[in-house]
Amino acid sequence: MRFNRELLKGNTVGLVLAILAEGPLHGYQIAKELERRSDEALRLGQGVLYPILHRLERQGLVEGRWEERLGTPSRKYYHITEKGRAALSERRREWAAFRRAMERILGPEPETGEA
(Lines give C-alpha, C1' and ligand atoms only; values in the text may rest on other atoms or scores of the structure.)
Protein backbone atom coordinates (compact mmCIF):
# COMPACT_ATOMS: atom_id res chain seq x y z
CA MET A 1 0.00 0.00 0.00
CA ARG A 2 1.29 3.45 -0.91
CA PHE A 3 0.49 6.28 1.48
CA ASN A 4 -0.54 9.87 0.92
CA ARG A 5 2.64 11.93 0.67
CA GLU A 6 1.39 14.28 3.37
CA LEU A 7 1.45 11.43 5.91
CA LEU A 8 5.12 10.81 5.18
CA LYS A 9 6.15 14.47 5.04
CA GLY A 10 6.23 15.17 8.78
CA ASN A 11 7.97 11.93 9.62
CA THR A 12 10.90 11.73 7.24
CA VAL A 13 13.48 13.04 9.71
CA GLY A 14 12.51 10.47 12.31
CA LEU A 15 12.61 7.68 9.74
CA VAL A 16 16.08 8.65 8.51
CA LEU A 17 17.41 8.97 12.07
CA ALA A 18 15.93 5.57 13.02
CA ILE A 19 17.64 3.90 10.07
CA LEU A 20 20.98 5.57 10.81
CA ALA A 21 20.72 4.61 14.49
CA GLU A 22 21.67 1.08 13.42
CA GLY A 23 24.84 2.09 11.59
CA PRO A 24 26.38 4.35 8.95
CA LEU A 25 24.94 4.20 5.43
CA HIS A 26 25.20 6.22 2.23
CA GLY A 27 22.13 7.85 0.75
CA TYR A 28 21.12 5.07 -1.61
CA GLN A 29 21.37 2.53 1.20
CA ILE A 30 19.18 4.70 3.44
CA ALA A 31 16.50 4.90 0.73
CA LYS A 32 16.61 1.15 0.09
CA GLU A 33 16.48 0.33 3.81
CA LEU A 34 13.42 2.56 4.22
CA GLU A 35 11.72 0.71 1.37
CA ARG A 36 12.71 -2.69 2.75
CA ARG A 37 11.54 -2.02 6.30
CA SER A 38 8.23 -0.60 5.10
CA ASP A 39 7.56 -3.47 2.67
CA GLU A 40 8.07 -0.91 -0.11
CA ALA A 41 5.22 1.29 1.14
CA LEU A 42 7.55 4.23 1.92
CA ARG A 43 9.98 5.68 -0.61
CA LEU A 44 12.18 8.75 -0.57
CA GLY A 45 13.61 9.96 -3.83
CA GLN A 46 17.00 11.68 -4.06
CA GLY A 47 15.31 15.06 -4.37
CA VAL A 48 13.77 14.55 -0.94
CA LEU A 49 16.40 12.45 0.86
CA TYR A 50 19.54 14.49 0.22
CA PRO A 51 18.08 17.82 1.35
CA ILE A 52 16.98 16.06 4.56
CA LEU A 53 20.47 14.64 5.09
CA HIS A 54 22.09 18.03 4.46
CA ARG A 55 19.70 19.72 6.90
CA LEU A 56 20.40 17.04 9.53
CA GLU A 57 24.13 17.65 9.05
CA ARG A 58 23.71 21.40 9.55
CA GLN A 59 21.72 20.71 12.71
CA GLY A 60 24.41 18.39 14.05
CA LEU A 61 22.08 15.37 14.12
CA VAL A 62 24.12 13.38 11.60
CA GLU A 63 27.67 13.58 10.30
CA GLY A 64 28.72 12.71 6.79
CA ARG A 65 32.10 11.30 5.91
CA TRP A 66 33.41 10.64 2.42
CA GLU A 67 34.87 7.17 1.95
CA GLU A 68 36.85 5.85 -0.95
CA ARG A 69 36.80 2.16 -1.74
CA LEU A 70 38.82 0.36 -4.34
CA GLY A 71 36.94 -0.09 -7.59
CA THR A 72 33.93 2.00 -6.59
CA PRO A 73 33.18 5.71 -6.62
CA SER A 74 33.62 7.71 -3.42
CA ARG A 75 30.48 7.78 -1.29
CA LYS A 76 29.38 9.91 1.59
CA TYR A 77 28.41 7.78 4.57
CA TYR A 78 26.14 9.30 7.18
CA HIS A 79 26.07 8.38 10.83
CA ILE A 80 23.90 9.58 13.67
CA THR A 81 25.44 11.77 16.39
CA GLU A 82 24.62 11.77 20.11
CA LYS A 83 22.50 14.86 19.48
CA GLY A 84 20.75 12.90 16.72
CA ARG A 85 20.09 9.97 19.09
CA ALA A 86 18.51 12.38 21.59
CA ALA A 87 16.36 13.87 18.80
CA LEU A 88 15.33 10.36 17.72
CA SER A 89 14.28 9.50 21.28
CA GLU A 90 12.16 12.64 21.40
CA ARG A 91 10.60 11.85 18.01
CA ARG A 92 9.76 8.33 19.20
CA ARG A 93 8.02 9.70 22.30
CA GLU A 94 6.16 12.23 20.20
CA TRP A 95 5.14 9.56 17.67
CA ALA A 96 3.84 7.23 20.41
CA ALA A 97 1.68 10.02 21.85
CA PHE A 98 0.44 11.01 18.38
CA ARG A 99 -0.39 7.40 17.49
CA ARG A 100 -2.37 6.95 20.72
CA ALA A 101 -4.32 10.15 20.05
CA MET A 102 -5.12 9.13 16.48
CA GLU A 103 -6.22 5.66 17.57
CA ARG A 104 -8.56 7.18 20.16
CA ILE A 105 -10.17 9.28 17.45
CA LEU A 106 -10.11 6.96 14.44
CA GLY A 107 -10.33 3.69 16.35
CA PRO A 108 -10.33 0.34 14.60
CA GLU A 109 -12.07 -0.18 11.27
CA PRO A 110 -15.75 -0.81 12.08
CA GLU A 111 -17.11 -4.23 11.23
CA THR A 112 -19.68 -4.11 8.48
CA GLY A 113 -21.38 -7.36 9.41
CA GLU A 114 -20.97 -8.67 5.87
CA ALA A 115 -19.82 -12.25 5.48
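If we leave aside its neighbours within four places in sequence, Lys76 is in contact with Leu25, His26, Gly27, Glu57, Gly64, Arg65 and Trp66. Keep in mind, please, that what you see on the screen is a predicted model.

Where does Lys76 sit? You will find it in strand 3, which covers residues 72-80. Now pick out Glu57 from that list of contacts. The side chain of Lys76 makes a polar contact with the side chain of Glu57, at 3.2 Å.

Next, let's move to the largest pocket. The space in there comes to about 630 Å³. It has 20 lining residues, and Leu7, Asn11, Leu15, Trp95 and Phe98 are the closest to the centre. Which elements give two or more residues to this lining? They are helix 1 (5-9), helix 2 (12-20) and helix 5 (82-106). Helix 5 gives the most, with 10 residues.

Why do we call helix 2 largely enclosed by the rest of the structure? Because eight of its nine residues are buried, where buried means under 20% relative accessible area. If you want to click through them, the buried ones are Thr12, Val13, Gly14, Val16, Leu17, Ala18, Ile19 and Leu20.

So, two places to look at on your own screen: the polar contact between the side chains of Lys76 and Glu57, and the largest pocket, with helix 5 giving the most to its lining.

How values were computed: Residues numbered from 1 in each chain as written. Predicted model: local features only at pLDDT ≥ 70, side-chain atom pairs only at ≥ 80, totals over all residues. Heavy atoms only, no water. 1 Å grid on protein atoms, 1.4 Å probe; cavity = no way out; pocket = protein on both sides within 12 Å on 5 of 7 lines; lining within 4 Å. Points joined across faces, edges and corners; volume = space filled by probe spheres on them. Helix = DSSP H or I, 4+ residues; strand = E, 2+ residues; numbered from the N terminus. Buried < 20%, exposed > 50% of the residue type's maximum accessible area, 1.4 Å probe, protein only. Polar contact = N/O pair within 3.5 Å; in protein donor to acceptor, adjacent residues only side chain to side chain. Contact = heavy atoms within 4.5 Å.
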